[in-house]
Amino acid sequence: MLQKRRLSSYAPVIKATTDAFYSIETDKLPSDVRNRTLEAVDSCGRKVTVGDVAGKAGIKVDEAQKALQAVAADSDGYLDVSDEGDVLYVFPEDYRSKLTAKSIRIRYEPLVEKTKSVADRVVRFAFGAALIVSIVLVFAAIVVILVSKSDEDDDKKSKSKSSSSNLFFLDSSPNSFRWLDAHVPQVESNGMDFTEAVFSFVFGDGDPNQNFEEKRWKLIGQYIASIGGVTTAEELAPYLDVKTKAQKNDEGYILPVLIRFDGQPEVDEEGNILYQFPSLQRTASPDRRGKGHRDGIDKVVPNEKFLRENYWNFSNTTMYQKVMVVGLAILNNLGVFILGGLLRDKEVTKIGFIKFVSYTYPLLQIYAVSYFVIPFFRGIFILKINADIKKRNQAREQHALGLELPDVSLRRKLQNARDLAKKNFVGNDKVVYSTKGDLVDQSLEADEWDQKLSRGRKSKVKKISKIAKRKSIGNKNVIYSFGQDIDVKESGKKLLEMTEEFEKTD
């Protein structure tokens, strides 16, 4: 009991903030980092290390640490500390519900995203509907001008007006769009209505590689973690943009990976440079301990040996929709051209309706021309960008093929990396302290403490102090403690004193 009291006197009490007006730590995180962190936590079973989240989500190690600390503080999570100083973040089953209950931002983000989606569809509909409105407006003006110039008798004028009404078979009502959509063959349906097809033809459907960087870093992080945290530059080249052989030999392209995942270069006995990522070597998931030559890549994305960029499409519309859009665009341009000639007569512009059309005519011209000018220049841009994508894909594929049939030197280098690789699985049997409850109330007897602590003694305590310094925030030598700051130097001193007292009792 004496030893247990001594331990409790030195152990810091880590508890969540109870102030009713405290700010939600999770709300301070970027939405992308927070969402990727939560996904990684769920996929790992709600018990993770910083390396688990960094590798799984493809985010920086320091970002993963801050995100885990914030989520744990706001969801009543707790920390488990192993006998080697590794920290596990453990979250309750309802931790997402607790975050949602506390955070207004998390509650309303789905509504904001839905609003953006609706606004996007409204813009697409408005642009496509404007084509129908333009055609109706232009040809109505043409008919009115022609009728006003006619010297025919009233019967002929009446017939003319009657026949002119047939020009309004394309009106701006929703029925017109249903009529157009009804004639699209069902076998070619792509989920777009006519108005969306108009927008897609002119402006395209966006970047097909919008989440490319996220995918890149997820692949790299998961691959490094799956092979034991030690890799070579050649293994990462299929995921990076290494264009020339000189760049590949320089290995400077590895620097962003080292910065993101807290890696460090190591030199083996043969003088080869290997890259070790200690944070990705510690895991709370037993199924992530595998290692072997290129075996890890199949655990990341099956049948994908390199990072492939998607080519840009001119439009995702069907052939029938393209024909419809081009046909109506030509009809609109023809009408605008004829209307321009008729508006040169100043007498016709005195008519009320024609006067309005004359004011809007420049906009009608711009709208009509944009249907061909924008797609023309966009097509040139797509040709160029797809040529660049093809070169990058071919380069990454060549790097991947080089790993499939490595030469003798590369094979030995890869084998040395596998020999140095290791996975430190932090299981419940290694946990010596948890913030879930007070140390005195935990079911850890003094002899169990002595047995586990004797494995490392002072060296392990120093390692804990070093890790604590790494967890410092800003320029202060404190670690994040969910409401309480802990002085690192003072804690390290007390930990050393605690170890000395244990040694005296032996």
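I listed the buried residues of helix α9: Phe 194, Thr 195, Glu 196, Ala 197, Val 198, Phe 199, Ser 200, Phe 201 and Val 202. Buried means under 20% relative accessible area, exposed over 50%, and partly exposed in between, with a 1.4 Å probe and protein chains only. Helix α9 covers residues 194-203, and nine of its 10 residues are buried. Gly 204 follows α9 and has a positive phi, near 85°.

Notes on the source. The model is predicted: local features need pLDDT of at least 70, side-chain atom pairs count only at pLDDT 80 or more, and totals for chains, interfaces and linings use all residues. Residues are numbered from 1 along each chain as its sequence is written, and side-chain values use heavy atoms, with hydrogens and water left out. I took helices (H or I, at least four residues) and strands (E, at least two) as DSSP runs, numbered from the N terminus.

**Sheet**

I looked up an open sheet of three strands, which has the order β4-β6-β5 and antiparallel pairing. β4 (230-231) and β5 (264-267) are at the edges with a single partner strand each, so one side of each has no neighbour in the sheet. Two strands pair if DSSP finds at least two bridges between them. β4 and β6 (residues 273-276) pair over two bridges in the antiparallel sense. Val 230 stands opposite Gln 276 in β6. Helix α17 (residues 408-420) lies across β4 and β6, at about 30° to β6.

**Cores**

I then checked the nonpolar cores, each a set of buried Ala, Val, Leu, Ile, Met, Phe, Trp, Tyr and Cys residues joined through side-chain atoms within 4.5 Å. The largest has 49 residues, of which Tyr 89, Phe 91, Ile 220 and Val 257 touch the most other members. Elements giving two or more residues to this core include α2 (31-43), β3 (87-90), α10 (212-226) and α13 (255-260). For contacts I used heavy atoms within 4.5 Å. Leaving aside neighbours within four places in sequence, Val 257 is in contact with Trp 217, Ile 220, Ile 224, Leu 236, Leu 240 and Phe 277.

**Annotated spans and helix crossing**

I found the feature "transmembrane region" in UniProt (unreviewed entry) at residues 125-147, 323-343 and 363-383. UniProt positions are in the numbering used here, feature names are shortened, and annotations may be inferred rather than shown by experiment. Residues 125-147 are 100% helix and 0% strand, with end C-alpha atoms 33 Å apart. Residues 363-383 are also 100% helix and 0% strand, with end C-alpha atoms 30 Å apart.

The axes of α15 (residues 319-342) and α16 (residues 352-404) come within 10 Å and cross at roughly 145°. Axes are lines fitted to C-alpha atoms, for helices over the stretch in contact, and angles run from 0 to 180 degrees between N-to-C directions. The contact includes Asn 333 of α15 and Gln 365 of α16. Gln 365 and Asn 333 are 32 residues apart in sequence and 7.8 Å apart in space, C-alpha to C-alpha. Gln 365 counts as partly exposed, at 36% relative accessibility.

**Ser 82**

Ser 82 is in strand β2 (residues 78-82). Its relative accessibility is 2%, so Ser 82 counts as buried. Leaving aside neighbours within four places in sequence, I list Val 426, Lys 430, Val 431 and Val 432 as contacts of Ser 82.
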